[in-house]
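Thanks for coming. Please have a look at the sequence and the model before I go through them.

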Amino acid sequence: MTDPTATVLDARFTAQAATLVQLPPPVSVEIAFAGRSNVGKSSLLNSLMNRRNLARTSSTPGCTRGITFFEVKTRDASLFTLVDLPGYGYAQRSKSEKIGWGHLIDGYLTTRPGLLACALLVDARRGIEDDDLGVLELLTKGARTRKAPTPVVIATKLDKVPRPQRQKLLKEIAPNGLRAVGFSTELPETTELVWRSLRAAMV
Ligand code: GTP
Ligand code: MG
C-alpha cells in the first residue's frame, strides 16, 4: 500500500545554521523535526529521504548541532525542505550551549516563513514530557500574519513496544485530541505513514 506521490526522487543537504542570522533564505515549504536528543529525528529524516546517512545519526545524544536543511524533490514534482533541529533535554551540554540552542529553536519555530508543519518526535516508551509540550505551545506563538505550523506528533522507536500495545499507545500518547503516528526504522511500512501525515498537515 505505497503512496507513489510520496516517493522521493532526490534529496540533498543544503545548509546548516548555528545562529538565527545564518538561516538560509527559504526556498520551499518547510517541515521541521523537533524532539529530545536521541529520540530519532535524524534517523527518521534518513528514512523519509530514503538515504542511509544523509542526516548524521549517533547512539550518543547531542549528535545534531545547529539547524540542518535538506531539500527533497518527490516524484509528483513537489519540493520540500526538511529541517533537522538539535535535540533538547541533553544534560551533558554546557549551560551557554543550552541557552543558545534554545534561543535558536524558539526563534526558528516562531518566525520562519514557509514553515507549514512541525513534527514533534517523542519516544514511544517515554511519551510526551514538559519540553515537548513547550514546543507545541511555541508553534501557536509567533507572528499573527503567519499561519501557525501544524503539529504532527510522531511516536518513535515503535519496534521497542510490544505489537499488541502499539495502537492503544498511539491513541493515548498525544495531547488535545491529536493522534500520533508511529514510526520505527525497523518497520519500513511506517515511513510511508509518516509521509502521509506530513502531507496531510500541509494542506
Ligand atoms: P540528536 O541529534 O542527538 O538530537 O538525536 P536524534 O534525535 O537525531 O537521534 P538519532 O536519529 O541520531 O538516533 C539516536 C539513536 O537511536 C541511534 O543510535 C539510532 O540508531 C537509534 N534509533 C533511531 N530510530 C530508531 C528506531 O526506530 N528503533 C530503534 N531501535 N533505534 C532507533
Ligand atoms: Mg540528530
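Predicted model: local features only at pLDDT ≥ 70, side-chain atom pairs only at ≥ 80, totals over all residues.

Residues are numbered from 1 along each chain as its sequence is written, and side-chain values use heavy atoms, with hydrogens and water left out.

The sheet is open, with seven strands in the order E1-E3-E4-E2-E5-E6-E7 and mixed pairing. Strands here are DSSP runs of at least two residues, helices (H or I) of at least four, numbered from the N terminus; two strands pair if DSSP finds at least two bridges between them. At the edges are E1 (8-17) and E7 (181-182), each pairing on one side only. E3 (residues 67-74) and E4 (residues 79-84) pair antiparallel over six bridges, and Val72 has Phe80 in E4 as its bridge partner.

Now Glu30, which sits in strand E2 (residues 29-35). Is Glu30 buried or exposed? Glu30 is buried, at a relative accessible area of 1%; buried means under 20%, exposed over 50%, and partly exposed in between, with a 1.4 Å probe and protein chains only. Among the residues Glu30 touches are Phe69, Tyr108 and Arg112, leaving aside those up to four places away in sequence. Contact means heavy atoms within 4.5 Å.

Last, helix H4 (residues 166-173): Arg166, Leu170 and Ile173 are buried. Down the axis of H4, its buried residues fall within an arc of 80°, so they line one face; the arc is that of the directions from the helix axis to the C-beta atoms. These buried residues pack against E5 (115-123), E6 (150-156) and E7. The face turned away carries the exposed Gln167, Lys168, Lys171 and Glu172.

Conventions: Chains lettered and ligands numbered in written order.
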